[in-house]
Amino acid sequence: MWMSLRGILLSESDPDWVKRLHRGTQLLLLDFAFAILGAILIQFFAPASAIGSIEMVLLMTICGIWLLGILCLTAREPRVALIEDPVTLRKVVRLCALAALALPPMSFISVPSFPKDLLGVALIGVVGVSYFGTLIFFRRLAVRIPDTRLAETTTSIMWGCVVLLVPMVIALGLALATRSSRASAGAFYFASAIIFLEAVVCFFIVISALACLVRYGRAFKHAAAQARRSAIATQTPVQ
């Protein structure tokens, strides 16, 4: 298998491109840390009169860092630049990431005939495609590390988040299913239990995703160093 992958291994790829992959993972990790620190700042230190403005600035910063990370991760690989298909997963992920940031401001456009009701559907669509596309892209890179276990973990995280949506839909359905007070109370408690379990599962998925991102970053950094040494060795004339 190693011989069959040797031509596409990251350690045999363009070192600058692999370094950009590492930079992308670092930006995504920075983005998560910034989001945590921003939430703490708003919760405990921000004055009540300025929370709205701080939240807006924080959200724009988080989205900007996230977009930069995605653009780095999905940069075009030099070895396939001339033979890349017109439509690829890389291009779709980049387009959806840009659309996910461009659609929300469009809701403020005051045009009577503007179909604002479709913005929410469109936003969910592009975020979903960007989510799946990014994780599939990561999984393909894991194969090129190569790290089969990391690829399998990425797949588990991808489908784990989808499964997480099922209890959310059930909980919302139970909360709105009946009008009688007794039944509503039972549905409420059952929905609360589901939401609690969902929060626990979500916590472990987030931790797993962060651990995977760290592993990707280390692997990309190591592969970039190997690719650099390989490029230097190739350019060195044989005496």
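Student: Why is arginine 215 called partly exposed?
Tutor: Its relative accessible area is 31%. Buried means under 20%, exposed means over 50%, and partly exposed is in between (1.4 Å probe, protein chains only), so 31% makes arginine 215 partly exposed. Before we go on: this is a predicted model, where local features need pLDDT of at least 70 and side-chain atom pairs count only at pLDDT 80 or more, while totals for chains, interfaces and linings use all residues. Residues are numbered from 1 along each chain as its sequence is written, and side-chain values use heavy atoms, leaving out hydrogens and water.

Student: What makes aspartate 147 and arginine 215 a salt bridge?
Tutor: The term asks for a side-chain nitrogen of Lys or Arg within 4 Å of a carboxyl oxygen of Asp or Glu. Here the N to O distance is 3.7 Å, so the pair qualifies. Aspartate 147 sits in the loop between α5 and α6, and arginine 215 in helix α7, 68 residues apart. (Helices are DSSP runs of H or I with at least four residues, numbered from the N terminus.) Aspartate 147, at 24% relative accessibility, is partly exposed.

Student: How many salt bridges are there?
Tutor: The structure holds 3. In one of them, the closest N and O atoms of arginine 228 and aspartate 16 are 2.7 Å apart. Arginine 228 lies in α7 and aspartate 16 in α2, so this pair ties together parts that are 212 residues apart in sequence. Another joins glutamate 77 and arginine 144 at 2.8 Å, and both of these residues are buried.

Student: How do you know what span to expect for α2?
Tutor: The expected span is 1.5 Å times one less than the number of residues. Helix α2 covers residues 15–44, which is 30 residues, and the expected value is 44 Å. From first C-alpha to last, α2 reaches 44 Å, close to that expectation.

Student: What makes a group of residues a nonpolar core, and which residues have the most contacts inside the largest one?
Tutor: A nonpolar core is a set of buried Ala, Val, Leu, Ile, Met, Phe, Trp, Tyr and Cys residues joined through side-chain atoms within 4.5 Å. The largest one has 28 residues, and Leu10, Tyr216 and Phe220 have the most contacts inside it. Its largest share, 8 residues, comes from α7.

Student: Which residues does tyrosine 216 contact?
Tutor: Contact means heavy atoms within 4.5 Å. Leaving aside neighbours within four places in sequence, the partners of tyrosine 216 include Thr25, Phe138 and Leu150.

Key: Helices (H or I, at least four residues) and strands (E, at least two) are DSSP runs, numbered from the N terminus.
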